[in-house]
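Q: I would like to learn how to read a structure, feature by feature. Where do we begin?
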Amino acid sequence: MAGSRPSPRVLTAEQARRIAVRAQLLAAPRPTDLLEVIRHLTVVQVDLTAAVAPSADLVCWSRLGPTFQPDDLDDLLDAREVVELEGMLRPADDLALFRAQMERWPGPEPLSEWQVQLQEWVEDNDGCRLDILDVLRSDGPTAVRDLPDTCVRPWRSSGWNNNRNVTMLVSLMERRGEIAVSHREGRERMWDLAERVHPDDDRVVALDEALRERARRRLASLGLARARVAEVPGETYAVGPVGEEVAVEGVRGTWRADPELLARVDEPFEGRTVLLSPLDRLVFDRKRLAEQFGWGYQLEMYKPVAKRRWGYWALPVLDGDRFVGKLDCTADVERGVLRVDALHRDVTFDRGLEQRVDREVAALARWLDLEVTGPR
């Protein structure tokens, strides 16, 4: 029919998996530059749970291998080449893509009901906001617990943030671009004026252009993504209309594919065996994980012990372009061991796969300067 929409290109399940793995820099050869890894991934989630190692460190190690040391990430943060924004590590250069959104907080008109409520709550507590800015201006980096709570209208919610006035106000002031995380002291974020933390340049990319560019970079880091998705905590997985429309055999609906990776879909693929953080972008969106890889996973740290199947902080095990199991292990630094409690195998392990996983577990232990103990 004249003017009919062309059918999208159809990818095999294997092609789709390989696009996603390549996009996340988990195929061979390994990348070699930490800052370039973060620029490509666009975000690395901050979570300090250290059952094995903090998530951001695991994410970087999974890509770079033994050449990466946690001090390398600290150095980038100290040099302000990487900044923390809304619980994510991001390249400082990318802040130009967020300034227009910050300036138009809580969002462009027309505002939704929840945006109006946020705006009114901040306006009602403007005195406390100004008090916080005064303290930071005079004292420099300060923890939330040391900031004044002069809110006249408390934060009300049914969750754990109820009455956490300063915590919530600081979070909203970060989104407005007024303050930023200067550094951390242990697990605690130290806040300062954004002008002291963010890059000196005042580049502002227009909002529509910035949102498109962020979506383009997001798609390049994911390889394949839905135009629209259900929201997950942290950075969205939705990419809108960027990229090329494709379908995947055996999966309902259509996807958007990064054009550069799509052009490489028929190139030879060399995978790696990799242990991933439970918060890794490849696995964090569980619906996407099930659709793309046909693999089920849940982070069980919040479950009662009796209801856990795989372990408190079980690491997803990727072999090439498929997930093959979950590694339940714990770094016992005091005893100098990486204790392996179980390797939950989701496929039949032949000798080669056993050896590849064993090598990766040993590599993780060496990186942590620990000895492996326990069954595998």
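A: Helices (H or I, at least four residues) and strands (E, at least two) are DSSP runs, numbered from the N terminus. This is a predicted model: local features need pLDDT of at least 70, side-chain atom pairs count only at pLDDT 80 or more, and totals for chains, interfaces and linings use all residues. Residues are numbered from 1 along each chain as its sequence is written, and side-chain values use heavy atoms, with hydrogens and water left out.

Q: Is Asp319 buried or exposed?
A: Use the cut-offs: buried means under 20% relative accessible area, exposed over 50%, partly exposed in between (1.4 Å probe, protein chains only). Asp319 has a relative accessible area of 9%, so it is buried.

Q: What does the side chain of Asp319 meet in a polar contact?
A: A polar contact is a pair of N or O atoms within 3.5 Å; within protein, one must be able to donate a hydrogen and the other to accept it, and residues adjacent in sequence count only if both atoms are side-chain atoms. Here the side chain of Asp319 meets that of Arg356 at 2.9 Å. Contact in the wider sense means heavy atoms within 4.5 Å. Leaving out residues up to four places away in sequence, Asp319 touches Arg272, Thr273, Val324, Leu353 and Arg356.

Q: Why look at the spacing in sequence?
A: An α-helix has 3.6 residues a turn, so residues three or four places apart point the same way. Glu213 and Arg217 are four residues apart in helix α10 (residues 207-222), so about one helical turn separates them. Arg217 is partly exposed, at 25% relative accessibility.

Q: Which residue forms a salt bridge with Arg226?
A: Glu291, at 3.1 Å, N to O. This pair links distant parts of the chain, 65 residues apart: Arg226 is in the loop between β8 (224-225) and β9, and Glu291 is in helix α12 (residues 286-293). Arg226 is buried at 13%, while Glu291 is partly exposed at 23%.

Q: How do I read strand pairing?
A: Count bridges, then note direction. Two strands pair if DSSP finds at least two bridges between them. Strands β1 (residues 9-11) and β9 (residues 244-248) run parallel, joined by three bridges. One partner pair is Arg9 with Val246. Strand β10 (residues 254-257) runs antiparallel to β9, with four bridges. There Glu245 stands opposite Arg256. The β9-β10 hairpin has five residues between its strands, and Gly250 takes a positive phi near 85°.

Q: Which residues have the most contacts inside the largest nonpolar core?
A: A nonpolar core is a set of buried Ala, Val, Leu, Ile, Met, Phe, Trp, Tyr and Cys residues joined through side-chain atoms within 4.5 Å. The largest has 70 residues, and Leu58, Leu282, Trp313, Leu315, Phe323, Leu327 and Leu364 have the most contacts inside it. Helix α13 (residues 351-368) gives the most to this core, seven residues. Another core, of 22 residues, lies apart from it and includes Val166 and Met173.

Q: How enclosed is helix α1 (residues 13-23)?
A: Count its buried residues. Eight of the 11 are buried, so α1 is largely enclosed by the rest of the structure. Among them are Gln15, Arg17 and Arg22. Leu25 follows α1, with a positive phi near 60°.

Methods: Salt bridge = Lys/Arg side-chain N within 4 Å of Asp/Glu carboxyl O.
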